[in-house]
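This report goes through a single protein chain, from local contacts to overall make-up. Please keep the sequence and the structure in view while reading.

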Amino acid sequence: MMLGPMRHKYTARQQADEQGIERLLVPRFTRVINVTGEVLDINKADSLIIESEVRNEQIVSDVEKAISDGRTPLVLTKLKKHVDVIREKLQNKADHVFVIYGDKPRQESGVNIVVITMNPETVGYEDTIELELLIDELQKAGILVRTTDDYSECYAVIDKTIVWNGGMNLLGKTDAWDNLIRIEDIHAAEELLEITEQMLK
């Protein structure tokens with residue numbers, strides 16, 4: 001893709017250093033115990049987590065402390081039922097509690113997603129079966145997955161207008177030095193899509 005010479009590099013670490021913002025990960029261990037001795041499938045394991053009063057109260061306590069410190073906490077969970085549980089417990093704990101669900105079906109939202117990724121058989125440094133399972137999950141979510149044997153560029157094109165391009169593996173593990181550049185240009189997006197299609201032929 002012809003975008004001209006690189007003018008500037010700016011990583012997430014440099015941004016944090018310049019802004020003086022601490023980015024801390026504080027592990028919070030909870031005692032969610034399966035006393036049945038049964039090997040739980042994913043649904044039962046999720047239910048065990050959702051129904052853990054100790055864990056839920058710890059989340060609420062952390063939120064309350066963040067609010068008292070003048071912060072605006074964000075609670076993330078992949079389980080919709082858990083959202084409802086936490087929301088109920090947070091009533092009267094904050095001035096406002098906003099809930100956003102991310103489970104709108106692709107067909108309803110009108111979004112067409114195509115993922116182009118390396119063929120698991122040719123990657124060579126990952127578990128082939130695990131990669132195949134990840135691709136299967138994407139396909140079950142209604143995402144079209146196309147594979148290639150010898151192309152490993154990292155980019156995303158959105159609405160044929162916005163390009164995210166750089167060194168970040170959008171489908172893989174992140175690294176502290178990963179970076180992306182955002183370009184809003186229909187011509188750049190069109191050129192990248194054309195190159196992609198030629199590469200897949």
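Is D84 buried, exposed or partly exposed? The model is a predicted one, and in it D84 has a relative accessible area of 32%. D84 is therefore partly exposed, since exposed would need over 50% and buried under 20%.

D84 pairs with R87 in a salt bridge, with N and O 3.1 Å apart. Both residues belong to helix 4 and sit three residues apart, or about one turn of the helix.

The structure contains eight salt bridges. One of them joins the side chains of E57 and K89, with an N to O distance of 3.1 Å. This pair connects distant parts of the chain, as E57 is in helix 3 and K89 in helix 4, 32 residues apart. E57 has 40% relative accessibility, so it falls in the partly exposed class.

Another salt bridge is formed by K93 and E64, whose closest N and O atoms are 3.7 Å apart. Here too distant parts of the chain are linked: K93 lies in the loop between helix 4 and helix 5 (106-109), E64 in helix 3, and 29 residues separate them. The relative accessible area of K93 is 36%, which means that K93 is partly exposed. E64, at 34% relative accessibility, is also partly exposed.

L76 is located in the loop between helix 3 (53-68) and helix 4 (80-90). With a relative accessible area of 73%, L76 is exposed, because the cut-off for that class is over 50%. The C-alpha atom of L76 lies 9.8 Å from that of I100, a residue 24 positions away along the chain.

N92 is in the loop between helix 4 and helix 5. N92 is not a glycine, yet its phi is positive, at about 70°. As a general rule, most residues other than glycine have a negative phi. The relative accessibility of N92 is 80%, so this residue counts as exposed.

## The second largest pocket

How many residues line the second largest pocket? The lining has 26 residues, and those nearest the pocket centre are V26, R28, D62, A66 and L74. The space in this pocket comes to about 920 Å³.

Two elements, helix 2 (42-50) and helix 3, each give two or more residues to the lining. Helix 3 provides the largest share, with seven residues. By residue class, the lining of this second largest pocket has twelve nonpolar, ten charged and four polar members.

## Nonpolar surface patch and strand residues

On the surface, V114, I116 and L144 make up a nonpolar patch, and their accessible area together is about 240 Å². I116 belongs to strand 1, which covers residues 114-118. Its class is partly exposed, because the relative accessibility of I116 is 31%.

A156 is placed in strand 3, residues 154-158. Its relative accessible area of 22% makes A156 partly exposed, because only values under 20% count as buried. The C-alpha atoms of A156 and L180 are 9.9 Å apart, with the two residues 24 positions apart along the chain.

## Overall make-up

Which secondary structure elements does the chain contain? It has eight helices and five strands. Read from the N terminus, their order is α-α-α-α-α-β-α-α-β-β-β-β-α. Of the 201 residues in the chain, 18% are buried.

Technical notes:
Residues are numbered from 1 along each chain as its sequence is written. Side-chain values use heavy atoms; hydrogens and water are left out. Helices (H or I, at least four residues) and strands (E, at least two) are DSSP runs, numbered from the N terminus. Buried means under 20% relative accessible area, exposed over 50%, partly exposed in between (1.4 Å probe, protein chains only). A salt bridge is a side-chain nitrogen of Lys or Arg within 4 Å of a carboxyl oxygen of Asp or Glu. Patches are made of residues with over 30% relative accessible area and no salt bridge: like charges are joined within 9 Å, nonpolar side chains (Val, Leu, Ile, Met, Phe, Trp, Tyr) within 5 Å. Accessible areas come from the Shrake-Rupley method with a 1.4 Å probe; for residues, only the protein chains shown count as cover. On a 1 Å grid over the protein atoms alone, a cavity is a set of points where a 1.4 Å probe fits but cannot get out, and a pocket is an open set with protein on both sides within 12 Å along at least five of seven lines; lining residues have an atom within 4 Å of a point. Grid points are joined across faces, edges and corners, and a volume is the space filled by probe spheres set on the points. Ala, Val, Leu, Ile, Met, Phe, Trp, Tyr, Cys and Pro count as nonpolar, Asp, Glu, Lys and Arg as charged, and the others, Gly among them, as polar.
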